[in-house]
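Please examine the sequence and the structure shown below. The explanation that follows begins with a single residue and then widens to its surroundings.

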Amino acid sequence: MCGRFALFDPGETLIAAFGLGERAAAALSERVLAPRYNIAPTQPVLAVRLAKNGERELAALQWGLVPFWAKDPGIGARMINARSETVAEKPSFRNAFKRRRCLIPASGFYEWQKTADGKQPVFIHSADKRPFGLAGLWETWQSSDGSYLETCTILTTAPNEMMRPIHNRMPVILSPEDYATWLHPEPKPAVGLHLLRPYPPEHMAAYPVSTYVNNPRHEDPACIAPV
């Protein structure tokens, strides 16, 4: 699974990396993004999705997808990830997969590797230090009082050769040339399934970090400090 990640790239890097539309770029240029080193489930996350005018926009979504038909939004805490192998058929995700795809920008993500001394947290990032675009889905849920909640989930897939010794799953990381295809679902949405594959290991790097990151209340650069 992917249960913790970081986003500390500056706004100008995100504008360039995700081809944001003029409005989103202008809004991001005026906004100072606080670096986040320990993003946990149910917290707000930054997402890139298509606006009605076809431009890419930024949205703040709660991490943990709540299907539109859910009676209780608490279900979202169990929906932080969607398996790519079943996402097109599973009732919780299939509608979002057809119509509401997004990218979750990440400077890197954490996994916990089993060792003889316990679980060792590892920080995984791109080899060139550029932000990842994680494949996501988003959904809108309406409560009985008429208020709306927008939520998201991160897709996962089988691990590549680098990730296999660390964990048995990894988030779906999309190549920049695939962003447009992912964000523009085709009339036959299953076409996008070919994008849900392990990321090339040569484009990734990883190193162990302190168990300091285990506590989601810890939110500072010490989370990514090598040990």
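Ser126 touches Phe132, His203, Met204 and Ala205, leaving aside residues up to four places away in sequence; contact means heavy atoms within 4.5 Å. The model is predicted, so local features need pLDDT of at least 70 and side-chain atom pairs count only at pLDDT 80 or more, whereas totals for chains, interfaces and linings use all residues. Residues are numbered from 1 along each chain as its sequence is written, and side-chain values use heavy atoms, with hydrogens and water left out.

Ser126 counts as buried because its relative accessibility is 3%; buried means under 20% relative accessible area, with a 1.4 Å probe and protein chains only. The side chain of Ser126 also makes a polar contact with the side chain of Asp128, at 3.0 Å. Such a contact is a pair of N or O atoms within 3.5 Å, one able to donate a hydrogen and the other to accept it; residues adjacent in sequence count only if both atoms are side-chain atoms.

Ser126 lies in strand β8, residues 118–126, while Met204 lies in strand β13, residues 204–208. Strands are DSSP runs (E, at least two residues), numbered from the N terminus. Met204, at 6% relative accessibility, is likewise buried. Among the residues that Met204 touches are Phe109, Ile124 and Tyr199.

Both strands belong to an open sheet of 5 strands in the order β2-β1-β7-β8-β13, with antiparallel pairing. The edge strands are β2 (36–39) and β13, each pairing on one side only; two strands pair if DSSP finds at least two bridges between them. Strand β7, residues 108–115, is joined to β8 by 7 bridges. Gln113 stands opposite Gln120 in β8.

Technical notes
Helices (H or I, at least four residues) and strands (E, at least two) are DSSP runs, numbered from the N terminus. Buried means under 20% relative accessible area, exposed over 50%, partly exposed in between (1.4 Å probe, protein chains only).
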